[in-house]
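Me: I am new to this structure and would like to know the grounds for the terms used about it. Please show it first.

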Amino acid sequence: MSPSIQQEPKPVIELKDVKVYHRARTGGLFRPNIVKAVDGVDFTISRGETVGIVGESGCGKSTLASVLVGLQPPTSGKVLFHGKPAIKRNAAMRKEFGRSVSVVFQDPATALNPRMTIQDILTDPLQIHGIGNAASRAAKVKELLALVGLPQSAAEVTPSQVSGGQRQRVAIARALALEPDIIVADEPTSALDVSVRAQVLNLLSDLKTQLNLGMVFISHDIQTVRYVSDRICVMYFGKIVEQGTAAQVFDNPSNDYTKKLLGAAPSLLHI
Ligand SMILES: Nc1ncnc2c1ncn2[C@@H]1O[C@H](COP(=O)(O)OP(=O)(O)OP(=O)(O)O)[C@@H](O)[C@H]1O
């Protein structure tokens, strides 16, 4: 009998030599006119893995996230979605990409419409994508609230009537509404009280396992990234300067910048 071969999961999104260059807001004699926000990045994300992207403010993390969720077209390079070029002009692909790749932003206070009830916030993506009827959408909202550990009564209130940690749970529930393959979480705990950060990190980790999600976890804090990631990419001035498993990057960093980040990192107790 031939030995069974374990298939590697195929990437949902693949970036090849992606560059995003901006015209500098303030150019000048001694300042470059071009900001290389992302500068030749190769990256893949598949279902079932959490890839952490870490680096200091301004290194290009959010720009990379915008490319991954389709909000920012690259200046050059390729974005592949299930192995095919992600062509934004194609309405069917745009819709499928929007269903497959969700985002959780840093601050749920600004990411959620303060005038909508949580029921409506969670129903919205289903309506936009024409999924189900009133009864099945109501059932889905119940399921989503349970999935993120919120009481069913939360459906009746607006985001301002729940705590910051609960608001981020609502944002996560909204990101899960369309049953995505990938979630891009851009500093999802940075705006939260220290006391609830670990709960939200644990929720994201549990959801990733339970739903076999692919997760891109972006943070300036290498300890937070280590806590949730299988693989870590270290970004510096628009480039990925080091990547490997969490253990490789922590136990045997090869890049000087990674060593500096590790040296400056506070203990896990501060996440
Ligand atoms: N629209 C733009 N026009 C000009 N420069 C930009 C633009 N967007 C981003 N940049 C610059 O690109 C670089 C990368 O920004 P980006 O926001 O991606 O970094 P970041 O690592 O996410 O930082 P932070 O954690 O502070 O958000 C920065 O120097 C930023 O000032």
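Me: In which hand does α6 pass α7?

Reply: The model is a predicted one. In it, the crossing of α6 past α7 is right-handed.

Me: What makes α6 roughly parallel to α7?

Reply: Helix α6, residues 164-176, packs against α7 at an angle of about 20°. Angles under 35 degrees count as roughly parallel, so α6 is called roughly parallel to α7.

Me: How far apart are the axes of α6 and α7?

Reply: The axes of α6 and α7 are 10 Å apart. Packed helices in general are described by the angle between their axes together with the distance between those axes.

Me: Where is Asn212, and why does Asn212 count as exposed or buried?

Reply: Asn212 sits in the loop between α7 (194-211) and β8 (214-219). Asn212 has 12 C-beta neighbours inside 10 Å. A residue is exposed if the number is 12 or fewer, so Asn212 counts as exposed.

Me: What is noted about the phi of Asn212?

Reply: Phi of Asn212 is positive, about 55°, although Asn212 is not a glycine. Most residues other than glycine have a negative phi.

Me: What is the order of strands in the open sheet of four strands?

Reply: The order is β2-β1-β4-β5, and the pairing is antiparallel.

Me: Which residues come nearest to the ligand, and what makes up the shell?

Reply: There are 13 residues around the ligand, and His22, Ala37, Ser57, Ser62 and Thr63 come nearest. By class, the shell has three nonpolar, eight polar and two charged residues.

Me: Which element supplies the largest share of the shell?

Reply: α1 does, with three residues. Both β2 and α1 (61-68) supply at least two residues each.

Terms used. Residues are numbered from 1 along each chain as its sequence is written. This is a predicted model: local features need pLDDT of at least 70, side-chain atom pairs count only at pLDDT 80 or more; totals for chains, interfaces and linings use all residues. Two strands pair if DSSP finds at least two bridges between them. A residue is near a molecule or strand if its C-beta atom, placed from the backbone, lies within 6 Å of it. Ala, Val, Leu, Ile, Met, Phe, Trp, Tyr, Cys and Pro count as nonpolar, Asp, Glu, Lys and Arg as charged, and the others, Gly among them, as polar. A residue is buried if 20 or more other C-beta atoms lie within 10 Å of its own, exposed if 12 or fewer, and partly exposed in between; C-beta atoms are placed from the backbone. Axes are lines fitted to C-alpha atoms, for helices over the stretch in contact, and angles run from 0 to 180 degrees between N-to-C directions. Angles under 35 degrees count as roughly parallel, over 145 as roughly antiparallel, 65 to 115 as roughly perpendicular and the rest as oblique. A crossing is left-handed if the near helix is turned anticlockwise from the far one by less than a right angle, and right-handed if clockwise.
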